[in-house]
Amino acid sequence: MPPPWPARRSIISVQLLTQLGLDLGLSLDRCLHGTGLTPVHLTGLNGEVEAACELQLIANLVEALPQVGDLGLQAGRRYHLTTYGAWGYAILSSANVRQAAELGLRYHGLTYAFTRISLNVEGAVASLCFDDQALQPALQDFIVQRDMLAALVVVRELLCSRLPLLALELRQAAPADASPFIAAFGQAPRFGAAHNRLGFSADLLDNPLPRADPQLVQACELQCQALLARHQLHQGLAGRVRQLLLQSPGQLADMEQLASQLHLSSRTLRRRLLDEGTHFRGLQDEVRQALAEELLAAGGLSLEEIAERLGYGELSNFIHAFKRWKGTTPGRYQRATTAFGQPPAI
């Protein structure tokens, strides 16, 4: 079973976790060790990182701060509704708690959770469950603490009040000092449980939310759909092929060259791409189109230079391909983009 998180995510969570490490006395180098990230990466608000980078950062924090038993709780307090961008605004604008929960779980991949979260209703009790089976054992306690408290923070902000819990269960062993857990959740957890669970009254699901806005929730959900689709471009073998093509767009890498880099035969590469519902030529087209849009929006290059960078021997070939993609010429597209100030993103 694949992990319950997408391969890429917003950099906001990495920024929050890095600041946690700094607040607890770690150096920036110690926090970012092995992540492949630099301080420059942390300055952007709209950047994305590989999920593996965040997992490495978490591992760094856990390894460097073994004496901090509530490290995950300290992290979880930092995740507020506004931290989640379109996802947060979508659930904030939902009609009631049930709609917010269903929408939030539908776009779970846009959160920063590494647990697999589900909503279960049994009689009068509704439960948010946090499955940690896909995680490395050394990271489970931190991530479960973080994900559970972050979810509770979101619910509290949705309701504009505290959430009375009917059950609080954690799979982790009981710590020497449970007081940080009582302070965070409002009651003592049952440690060593079979599941990680927040239980609350099922009646709460039908509570209306104070900031319901049907039009805004619809707009935010469309944005969530677009964000998830963009993340999925980087998944699987097709995502790896796209990344390799992006690294050398002007060299016209063919299937044999890409297959060699991936340590596959071209036949195996073709078959596995078909299994993912795509093909090599289509991926080449996607990458060229995305790069063409970016270069045209950025300006500074002539059409001939852009065509050359994309591996077209003749400008006419580039113009023909672009008209096939966008239904207009690259020149007209560039003028329209400049006029409206809306450069498309890869």
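Predicted model: local features only at pLDDT ≥ 70, side-chain atom pairs only at ≥ 80, totals over all residues.
Strands of a sheet pair through backbone hydrogen bonds, in either a parallel or an antiparallel arrangement. Here, 4 strands come together in an open sheet, and their order across it is 3-4-6-5. The pairing is antiparallel. At the edges lie strand 3 (116-122) and strand 5 (167-169), each of which pairs on one side only. From one strand to the next, the twist averages 15 degrees. Strand 3 has its partner in strand 4 (residues 125-131), and 7 bridges join the two in the antiparallel sense. For a handy place to look in the structure above, I117 has F130 of strand 4 as its bridge partner.

The next topic is the space inside the protein. Rolling a probe the size of a water molecule over the atoms shows where empty space is left. In this model, 2 cavities of 30 Å³ or more were counted. The largest cavity holds about 410 Å³ of space. Its lining is made up of 27 residues, of which W87, L128, A151, V154 and V155 are the closest to the centre. The elements that contribute two or more residues to this lining are helix 5 (86-92), helix 6 (97-106), strand 3 and helix 7 (137-159). Helix 7 gives the most, with 7 residues.

Technical notes:
Residues numbered from 1 in each chain as written. Heavy atoms only, no water. Pairing = 2+ DSSP bridges. Axes fitted to C-alpha atoms, helices over the stretch in contact; angles between N-to-C directions. 1 Å grid on protein atoms, 1.4 Å probe; cavity = no way out; pocket = protein on both sides within 12 Å on 5 of 7 lines; lining within 4 Å. Points joined across faces, edges and corners; volume = space filled by probe spheres on them.
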